[in-house]
Amino acid sequence: MSFPPTYMRVVETLLELYNMHKRPIKSKEIADRLGMNEGTIRNIMVALKAMNLVDSKNGTSGGFRT
């Protein structure tokens, strides 16, 4: 399966942040790290979630994880 380079950067950043903090990562954290719009990151995460590559948790302590 081939992914757009932007998707790969988002997944790599998610993995990096998750391994560093050991908690679900918010889309804002990924957006800040990559210098991208948070809405764009959320849209990418929806696609990655549909491909079963990420999992998400709702709520104040929520975020994304691999």
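Helices (H or I, at least four residues) and strands (E, at least two) are DSSP runs, numbered from the N terminus. The model is a predicted one, in which local features need pLDDT of at least 70 and side-chain atom pairs count only at pLDDT 80 or more, whereas totals for chains, interfaces and linings use all residues. Residues are numbered from 1 along each chain as its sequence is written, and side-chain values use heavy atoms, with hydrogens and water left out.

**Overall architecture**

- The chain contains three helices and two strands, arranged from the N terminus on as α-α-α-β-β.
- The radius of gyration is 11 Å, close to the 11 Å that the globule rule gives for 66 residues, so the chain is as compact as a globular protein of that length. The radius is taken over C-alpha atoms, and the rule is 2.2 Å times the number of residues to the power 0.38.
- Along its principal axes, the C-alpha trace spans about 30 × 25 × 20 Å.
- Among contacts with a separation of 6 or more, 49% join residues 24 or more positions apart; contact here means heavy atoms within 4.5 Å.

**Surface and charge**

- Of the 66 residues, 26% count as buried. Buried means under 20% relative accessible area, exposed over 50%, and partly exposed in between (1.4 Å probe, protein chains only).
- There are 10 positive and 6 negative side chains, and the centres of the two sets lie 5 Å apart. Lys and Arg count as positive and Asp and Glu as negative, while His and the chain ends are not counted; each charge is placed at NZ of Lys, CZ of Arg, CG of Asp or CD of Glu.

**Salt bridges**

- Side chains of opposite charge can pair when their charged atoms come close.
- Five salt bridges are found in the whole structure, each defined as a side-chain nitrogen of Lys or Arg within 4 Å of a carboxyl oxygen of Asp or Glu.
- One of them joins glutamate 29 to arginine 23, at 2.7 Å from N to O. Glutamate 29 is partly exposed at 23% relative accessibility, and arginine 23 is likewise partly exposed at 33%.
- Another links glutamate 38 with arginine 42, whose closest N and O atoms are 3.1 Å apart. Both residues lie in helix 3 (residues 38–50), four residues apart, about one turn of the helix. Glutamate 38 is partly exposed at 26%, as is arginine 42 at 42%.
- Aspartate 55 and arginine 65 form a further salt bridge, with the closest N and O atoms 3.1 Å apart. Aspartate 55 belongs to strand 1 (residues 55–57) and arginine 65 to strand 2 (residues 63–65), so the pair ties together parts that are ten residues apart in sequence. Aspartate 55 is partly exposed at 34%, and arginine 65 is partly exposed at 31%.

**Surroundings of serine 27**

- Serine 27 lies in helix 2 (residues 27–34) and counts as buried, with a relative accessibility of 7%.
- Leaving aside neighbours within four places in sequence, serine 27 is in contact with Glu38, Ile41, Arg42 and Phe64.
- The C-alpha atoms of serine 27 and threonine 40 are separated by 9.2 Å, the two residues being 13 residues apart along the chain.
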